[in-house]
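Notebook, opened with the model on screen. I wanted to look up the core, the aromatic pairs and the salt bridges, in that order.

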Amino acid sequence: MAPIESTRDSSDFSATATIIAFDPPLPLLRGPIPASSSDDPSIGPFVLAFKDAQSWKSALQACQSKIIEQCELAELVGSSNANAGGARVGCSISASAKCKPPWWRTYFGGGATDLSEREQCEECEMEACLASTRESCLKFSKDKCLNPFRDARIALIDPKKLRKGETRATNFRGSVVLHAEMESPGSP
């Protein structure tokens, strides 16, 4: 058996052919802050926390929107097959099935079906189906995101401690921000 000859030339080893481009790293959502005296000492001297309430809130909103986007793409009404094309396809199939004329109409001389009437029926069914899908995806995203974010820590510099010369950060839970959001008028 003859040895296999290499068909590579010097251009195969150029930087553009050999370097693999990776996506830039994602920035950290949370960073370490000194643990407070009320924390369990066995967890260590640091805890992870969001740098402020705004970064916590934007991370929560990003989490919810990503889950809603994935849910709407993957959810099929009445089916567990998530690879079939999404909620729109599932709603379309469901609307078509609900609006088709009864099977017995052709046997009793029902004549030609009115396609404009069927089109209106399918539009109404599609709209209702997609609305219910959005509602269920919104509820799903809240269920998945609120529990972890409710217990997440948010770091703040305590102004009273800054006056005393201390630089340790105090922290509080996301449930405080959630509670404040629910009480404030005009919150989503």
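**Core.** I began with the largest nonpolar core, which has 12 residues in all: Phe 50, Trp 56, Ala 59, Leu 60, Ile 67, Cys 145, Leu 146, Phe 149, Ala 152, Ile 154, Val 177 and Leu 178. I took a nonpolar core as a set of buried Ala, Val, Leu, Ile, Met, Phe, Trp, Tyr and Cys residues joined through side-chain atoms within 4.5 Å. Buried stands for under 20% relative accessible area, exposed for over 50%, and partly exposed for the range in between (1.4 Å probe, protein chains only).

I then listed the elements that give two or more residues to this core: helix 2 (53-74), helix 4 (115-151) and helix 6 (174-183). Helix 2 supplies the largest share, four residues. Helices (H or I, at least four residues) and strands (E, at least two) are DSSP runs, numbered from the N terminus.

**Source of the model.** I note that this is a predicted model, in which local features need pLDDT of at least 70, side-chain atom pairs count only at pLDDT 80 or more, and totals for chains, interfaces and linings use all residues. Residues are numbered from 1 along each chain as its sequence is written, and side-chain values use heavy atoms, with hydrogens and water left out.

**Phe 50.** I looked up the contacts of Phe 50 (heavy atoms within 4.5 Å). Leaving aside neighbours within four places in sequence, Phe 50 touches Leu 29, Arg 30, Ser 55, Trp 56, Ala 59, Phe 149, Ala 152, Arg 153, Ile 154 and Ala 155.

**Aromatic pairs.** I searched the whole structure and found two aromatic pairs. Rings of Phe, Tyr and Trp (its six-membered ring) pair if their centres lie within 6.5 Å; planes under 30 degrees apart count as stacked, over 60 as edge-to-face and the rest as tilted.

Phe 50 and Phe 149 are stacked, at 5.9 Å centre to centre with 25 degrees between the planes. Phe 50 lies in the loop between strand 2 (46-49) and helix 2, and Phe 149 in helix 4, so this pair ties together parts that are 99 residues apart in sequence. I checked burial: Phe 50 and Phe 149 are buried.

Trp 56 and Phe 149 are edge-to-face, at 6.3 Å centre to centre and 70 degrees between the planes. Trp 56 belongs to helix 2 and Phe 149 to helix 4, so the pair ties together parts 93 residues apart in sequence. Trp 56, like Phe 149, is buried.

**Salt bridges.** How many salt bridges does a search of the whole structure find? I found three, using a side-chain nitrogen of Lys or Arg within 4 Å of a carboxyl oxygen of Asp or Glu as the criterion.

- Lys 98 and Glu 125 meet at 3.6 Å, N to O. I noted that this pair links distant parts of the chain, Lys 98 in helix 3 (residues 87-99) and Glu 125 in helix 4, 27 residues apart. Lys 98 is exposed at 56% relative accessibility, and Glu 125 is partly exposed at 27%.
- Arg 118 bridges to Glu 122, with the closest N and O atoms 3.1 Å apart. They are four residues apart in helix 4, so about one helical turn separates them. Arg 118 is partly exposed at 25% relative accessibility, and Glu 122 is partly exposed with a relative accessible area of 25%.
- Lys 139 and Asp 143 meet at 3.1 Å, N to O. Both lie in helix 4, four residues apart, about one turn of the helix. I have Lys 139 as exposed at 53% and Asp 143 as partly exposed at 44%.
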